[in-house]
Amino acid sequence: VEHIDPRRLHVATRLADRPLFDRLAIETLYAVVGAGEIRAICSGQVLCEQGASADACYLVLSGEVELAADGERRITRTAGQGFGELEVLTDELRPETARTIADTECFVLPREAIERLIAGDANVANAAVAYLLETLRTASEQESQRRKAAQEAVR
Amino acid sequence: MNTTERVFFLKNVPLFARLSLPGQARIAALAEETSFRPGETLFRQGDPADCLYVILDGEVAILLDGHEINRMKAGESFGEVAVLNRGPRTAGARAATDVLALRIDRATIADLIATSAELRLAVVNELTSRIRGIRARTRTL
């Protein structure tokens, strides 16, 4: 019987609340956690810069991370919250700079690991497709609303 | 176009380019060749989706709320989003010229996605590409 690492299992259960992963069974999530790493980061450290290539997504396990764009704070992320999944999948640049504002522990899943998981595990791939379809639906609605608003403005 | 010619064509369609040869051959064998006159509607926004299309020749206008938002050309596929979603068409499609296309039904795609890691990756890449396109268009509005 394989030894179950309780720390890894804890991260897996946290990951189950994130939209990209919430359709996955716990054993798949456990495997996903094995593809990433847990990092302890002091307060005040920059995790990623706005405009940089998105090379990983993050799940906050404890502490707090501030997301700021053009120098202005947009939002903070605390335990159980994450960021960066979409940019990693779409290969877009970071929309925000992420900086710890407390001593923080994060689960970090690199882009290469996500790509490997998608290629090698049908369940992860199906979860990614479902997540992207939902993102696409939302983006299409936003485009449609913006287009209508622009047409109304012209009239 | 015979099945062998279709296979060679599918090798250059991004959605199917990385699919194994047996996968491409299966699609080539099961796809149905269909043609449209200029101005003819392939499907309307909101229609139920039962297939996707690969353009062999000609151009197709993609319509959102009656406005053309994209123009698809030979070697490109469209209609896969609603097929994957099992939902209604998110946009309409109308032939902008004489169009020759391959029609691939949902069941064929679903079977291949279940068995092919390459196609799953291709679908993820196609969806991310669509998202980037929509976001880029939205930023200009």
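Trainee: Let me start inside chain B: are Phe43(B) and Phe78(B) buried or exposed?
Mentor: We are looking at a predicted model. A residue has to fall under 20% relative accessible area to be classed as buried. Phe43(B) and Phe78(B) both come out as buried.

Trainee: How many aromatic pairs are there over all chains, and what kind of pair do Phe43(B) and Tyr53(B) make?
Mentor: Over all chains, the count is five aromatic pairs. For Phe43(B) and Tyr53(B), the ring centres lie 6.1 Å apart and the planes meet at 20°. Planes under 30 degrees apart count as stacked, so this pair is stacked.

Trainee: Which parts of chain B does that pair tie together, and how far apart are they in sequence?
Mentor: Phe43(B) belongs to strand S2 (residues 41-43), while Tyr53(B) belongs to strand S3 (residues 51-57). The pair therefore ties S2 to S3 across a sequence distance of 10 residues.

Trainee: What kind of pair do Phe43(B) and Phe78(B) form?
Mentor: Their ring centres are 6.1 Å apart, with the planes at 40°. Stacked needs under 30 degrees and edge-to-face needs over 60, so the pair is tilted.

Trainee: How many residues apart are Phe43(B) and Phe78(B)?
Mentor: Phe43(B) sits in strand S2 and Phe78(B) in strand S6 (residues 77-78) of chain B. The pair links distant parts of the chain, and the separation is 35 residues.

Trainee: Where is Asp65(B) found, and what is its phi?
Mentor: Asp65(B) is in the loop between strand S4 (60-64) and strand S5 (67-72) of chain B. Most residues other than glycine have a negative phi. Asp65(B) is not a glycine, yet its phi is positive, at about 50°.

Trainee: Stepping back, what is the radius of gyration of chain B, and how does it sit with the compact globule value?
Mentor: The C-alpha atoms of chain B fill a box of roughly 40 × 30 × 25 Å along the principal axes. For 141 residues, a compact globule would come near 14 Å, and chain B agrees with a radius of gyration of 14 Å.

Methods
Residues numbered from 1 in each chain as written. Chains lettered and ligands numbered in written order. Predicted model: local features only at pLDDT ≥ 70, side-chain atom pairs only at ≥ 80, totals over all residues. Heavy atoms only, no water. Rg over C-alpha atoms; globule rule 2.2 N^0.38 Å. Helix = DSSP H or I, 4+ residues; strand = E, 2+ residues; numbered from the N terminus. Phe/Tyr/Trp six-rings, centres within 6.5 Å; stacked < 30°, edge-to-face > 60°. Buried < 20%, exposed > 50% of the residue type's maximum accessible area, 1.4 Å probe, protein only.
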